[in-house]
Amino acid sequence: MPTIDFDLSPLYRSAIGFDRVAHMLRNISSGANQNAYPPYNIELLDENDYRISMAVAGFSEHELDIETRENVLVIQGKKSQTETERQYLYQGIAERNFERRFELADYVKVTGATISNGLLHIELKREIPEATKPRKITLSSGDMLVKEKEKKKQEKLTAA
């Protein structure tokens, strides 16, 4: 499969803070080499809620590790070494360690995780802070600014 290189220098000339996008693109392209184990689904539950469901049959709760660091969700499965050696006629259930990474967008947080019937469910929520939501700016005329300055001057004089 051919490698695609992105030249993001035009973006850097006119935008500030998009170096994280370049980092994400590099991670995604290197993540293409990840194997498909274990299989997973990503669901959109509503506008701001998501769920990752991952098939982890054969793993117990204490063999799974879930953590987030720097907007990356990392899920690891580490099988305990069994002391009894088994002789399989056919082994179709993979019992190997894994690490799966997911890039999280800004303001997406993990809210919980459950394991049920061999499926690991990780709940995610996008919580956009009020400060970053769009807000209306009211316009005032130049006369309004002059009146506001005069009002502040009068307040200073009466306070003194």
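A polar contact is a pair of N or O atoms within 3.5 Å; within protein, one must be able to donate a hydrogen and the other to accept it, and residues adjacent in sequence count only if both atoms are side-chain atoms.

## Basis of the report

This is a predicted model, in which local features need pLDDT of at least 70 and side-chain atom pairs count only at pLDDT 80 or more, while totals for chains, interfaces and linings use all residues. Residues are numbered from 1 along each chain as its sequence is written, and side-chain values use heavy atoms, with hydrogens and water left out.

## Two residues of strand S7

Strands are DSSP runs (E, at least two residues), numbered from the N terminus. Lys-125 has its place in strand S7, and its side chain forms a polar contact of 3.1 Å with that of Asp-49. With a relative accessibility of 30%, Lys-125 is partly exposed; buried means under 20% relative accessible area, exposed over 50%, and partly exposed in between (1.4 Å probe, protein chains only).

Strand S7, residues 119-126, also holds His-121. His-121 is buried, at 19% relative accessible area. Its side chain makes a polar contact of 2.9 Å with the side chain of Ser-53. Apart from neighbours within four places in sequence, the residues in contact with His-121 include Arg-51, Ile-52 and Gly-112, where contact means heavy atoms within 4.5 Å.

## An open sheet

An open sheet is formed by three strands in the order S3-S4-S5, with antiparallel pairing. Two strands pair if DSSP finds at least two bridges between them. Strand S3 (64-69) and strand S5 (98-103) stand at the edges with a single partner strand each, so one side of each has no neighbour in the sheet.

Six bridges join S3 to strand S4, residues 72-77. Leu-64 has Gly-77 in S4 as its bridge partner.

## Aromatic rings

Rings of Phe, Tyr and Trp (its six-membered ring) pair if their centres lie within 6.5 Å; planes under 30 degrees apart count as stacked, over 60 as edge-to-face and the rest as tilted. By this rule there are three aromatic pairs. The rings of Tyr-40 and Phe-102 are edge-to-face, because their centres are 5.1 Å apart and their planes stand at 90 degrees. Tyr-40 lies in strand S1 (residues 40-46) and Phe-102 in strand S5, so this pair ties together parts 62 residues apart in sequence. Tyr-40 is partly exposed, at 35% relative accessible area, whereas Phe-102 is buried, at 8%.

Phe-59 and Phe-98 also form an edge-to-face pair, because their ring centres are 5.3 Å apart and their planes are at 85 degrees. Both Phe-59 and Phe-98 are buried. Together with Tyr-37, Phe-59 and Phe-98 form one aromatic cluster.

Notes: Helix = DSSP H or I, 4+ residues; strand = E, 2+ residues; numbered from the N terminus.
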